[in-house]
Amino acid sequence: MTRSHAQIISAFADAARLTPFTDPTHTEGKVTWRDALFTSVGPGSWALTRQGEPDRALLTALAEEYVTLDEHAATLPRRLHLEWLRDVLGIERLPVVPDRVVASATVEPKLAPAVVPAGTVLRGGKDAFGNERRYRTVDALTAHGAALEGVRVMVPGGPPSGAHGAVFSAPDFPIAPPTTDDERDAAPPAPHRLRITSPALGFVGGTMKVTLGFNAMPVPGGAARIATLRAAAEWRHPLPDGTLSVPVAGGGSGFGIEVTMSGGCVDPDGGEPWIECVIPAGIPVPEGAAFVAVMVSVAERSDVVPDAAFANDGLVDITKEFEPFAATATKGDAFYVRSDEVLSKAVNSLTVSATLFSSKTGGLSFTWDAVLIEDMGYVTYALMADDYDFDEIQATGTVMDDGIYWGPSSGGTTTTSSAPAVSWQRLLSTGWANFGSGLSGFGGTTGTLGGQGSLPSQVSGQPGRYIRCFIASGDLGWSDYQKRLADFATKAVKAPLTVPDMPSPITPALYKDLRLSYTTDPVAATRVESWSGWRHSVMSGMWQPFRRQVDAVGSTGMVAIGLALPASATGSSVSVYIELDSASPCGATDDVDAEWQWWNGTHWVELVAADGTSRLRESGLLRFVAPDGWAEGCDDVTAAHGKWVRMVTNQPERLGLLRSAIPDAVIAEYVSSAADPANDPSPATALPVGAIKGTLAPISGVKKVTNLASVRGRGPETDDDYARRASALVRHRGRAITAWDYEQMIAIQFPEVAAVKCLPHTDSEGHRAPGRVGLVLIPDEPTRVAPRPSVSLAGRATDALNAVMPAGANVSVLCPCYAPVTITATIRLRAGVAAISGTASVTSALEALLHPTTTVPTRWGVSLYSSALIAALERLWDVDAVLTFAMAGPDGAGDVVAVEPKRGLYCSSGAHNLTFEEQL
């Protein structure tokens, strides 16, 4: 018990009233010393009179000594208790634990790599004494000037056969692999595509039916597997405007799939045209489809408008009526038709068609006809008179050396020498060669080209691929017309009275709508590739395009990290800090079945790594030596750049929420500059992120060093903390029996734990289970709205308790059951408070009000009422009034957010909608 100076003076007065005092000058006689020295200042309270007198000064000094004596006496029990704990029981105080930071180095590219040796001192921030903090690196860091190229995450769709799975990518963090069926349904579905590239697919405008033949004969039941692909796939192709066509279903049977393409097919990147199938979400992925080759053929393509046409060297406008040959056309003249689309392919059949607009007039009256001589294997043509008997010429005619079929007319005479030999030709390596059958005038021909088009050439300086209608001999009647005209002139001179009619001049025939139709022979696709999630594969040998697993041994989850690294990194250590929210469920502290690998350009190779992330379950440092042969780019994750490593696992649901990956990182520990480091309280406060300003001494090539994350340590143990811990030790004697014992041991041994609750007879799922102990931990992470214990914290806590628990007991670390709260409100600020500053302060205060660790004791199982939160907001200095307010929890909007009674806590969702109003 300690007393104040006033209380001591009053005690003196109480004692003085018992001693009589006779003042000779006092006429009333006897008085006490209290009457002589003190005066009343209230009920039971006294003060000295005439305090300047020596005797009063003495009493004042004596009272001050009593105060000091009381204070000293009050410390004796506590001091004796502490000395008894220390000297008699031998319980030592807990040592100081330095705080740690994860620091990242930025290097000058021209001087990379830069080495930051182990023990390098970093500076930044202030310690408890106002001095600049110092940190010493734990390991050596070789900073390569690396950058994050990307992150690829793939998780399959779960047990149902054919489920698509989900894919994620960064730097759009965070990345949260789904752990439940609902999360899988909401996750972005993994794409499953098969792309077939072939020049045969190229066309512009109109429609084209193609047949894709899959060579799957070596696979038992191959046709059925292709049928599965046919039923599941939707086909699309790139259009000339750079967009993709509308997906269409494929048809066909057996090993073939027929697809009708519309609008054209042109690769937007300037490469060969392609067509691809997409497996829509909800349709099972046809993982069983397998084949060794894909053959592409055009089954139907009609009404192709030629690229250009030339009459000899003259450009012909085929968009309107045109003359293929002039009236004076003669041997050697040709009509050229250019079509790069058609004639660049392995043409099987080709039909050239045109509509007759107006017939030829004047000169000789001839029409074109043709016949296929089956036993000779080629086509011949003849120009015959209108009254020509075709059966007779076929029966009695002869075949000339130039391949022209000639025969007598019905009158038994031979056609004139001016009759033209006309044929359709294409350009081969041996020169121009005839093709075609069924020629009916200029307006049509159908030929079998035998899987070959026409070689490139030039006409009138325009390069391309051409066929031509060629006059091998004769003309269109021009020679005969000139002869008739000469005869007419002679007769007109010799016998003017009997002169015949003047011969009519020749007017060539006009045509319109020149079109090509064709089919092609099957040709092997130049490239066949697929994407299943991030996995990219190119056909080689017996090939399976679709695979939900991320590797050949059936791993079902992958996290791949790509780094932009110089070639000089080979053989040097690479460090990457990976920031994660701890995985869930928290009760699983055993190792994840996982493996790190690196990409060598063709396949993944096992990577030996020091993994401080506990297989991507908590934040930590990943360190490994850059392997020789580490490839640039990785087809297996669809990445053209970067050097890639990945972790594959069969337990993707146990991975944490990935927030960032930062290369060139190192861990550093606090170094106290205090005279007695054991009494330095600085480690108890974590260094703010970004507080590190660089190295104490310059390091060549290092431009900047800053801290990415901080973990607080433990300062000197105070007398109160020591007494509480040591007294608890006396109580539980190092044995965890009661719930209080568990909570005390964890709270004292782990300073990074902000709150702990023990749930007897509770298993790792939160269910009742005799003999099990559930331990709910909340780490000291004020910047996170819903902090959860890390894997290492859970593991260290269970390890610490396993040694002191009763035999047969089992402990599991559980996560709190958080109920996220979202607030929508309109808040009027106090007059004079700016909206900018008020928004920041009120939002920060709201987050603090909702944070699970801001109340003591922790509010386990306490529901949140809107009235209580409104009142708390209106008590803030910046707030005048809350004008509108709405609160929503996991179950929707309402006036109360209920929480689970045993380990439930409400917390902020971090997505509030607050509107602030200023007042003048």
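Trainee: In this predicted model, how are helix 1 and helix 3 oriented to each other?
Mentor: Helix 1 covers residues 5-16 and helix 3 covers residues 54-88. Their axes lie 9 Å apart, at an angle of about 120 degrees. Angles of 65 to 115 degrees count as roughly perpendicular and those over 145 as roughly antiparallel. Helix 1 and helix 3 are therefore oblique.

Trainee: How many residues of the contact of helix 1 with helix 3 are charged?
Mentor: Helix 1 brings His5, Ile8, Ile9 and Phe12. Among the residues from helix 3 are Glu64 and Asp70. By class, the contact has eight nonpolar and two polar residues, and its charged residues number two.

Trainee: Is helix 12 oblique or parallel to helix 13?
Mentor: Helix 12 is residues 835-850, and helix 13 is residues 866-874. Their axes come within 11 Å and cross at roughly 140 degrees. That angle makes helix 12, relative to helix 13, oblique.

Trainee: Which class of residue makes up the contact of helix 12 with helix 13?
Mentor: Val842, Leu846, Leu849 and Leu850 of helix 12 meet Leu869, Ala872 and Leu873 of helix 13. None is polar and none is charged; all seven are nonpolar.

Trainee: Is Ser530 buried or exposed?
Mentor: Ser530 sits in strand 34, residues 527-532. Its relative accessible area is 0%. Buried means under 20%, so Ser530 is buried.

Trainee: Which residue's backbone oxygen does the Ser530 side chain reach?
Mentor: Beyond its sequence neighbours within four places, Ser530 is in contact with residues including Arg193, Trp543 and Pro545. At 2.7 Å, the side chain of Ser530 reaches the backbone oxygen of Pro545.

Note on methods
Residues numbered from 1 in each chain as written. Predicted model: local features only at pLDDT ≥ 70, side-chain atom pairs only at ≥ 80, totals over all residues. Heavy atoms only, no water. Helix = DSSP H or I, 4+ residues; strand = E, 2+ residues; numbered from the N terminus. Buried < 20%, exposed > 50% of the residue type's maximum accessible area, 1.4 Å probe, protein only. Polar contact = N/O pair within 3.5 Å; in protein donor to acceptor, adjacent residues only side chain to side chain. Contact = heavy atoms within 4.5 Å. Axes fitted to C-alpha atoms, helices over the stretch in contact; angles between N-to-C directions. Parallel < 35°, antiparallel > 145°, perpendicular 65-115°, else oblique. Nonpolar A, V, L, I, M, F, W, Y, C, P; charged D, E, K, R; others polar.
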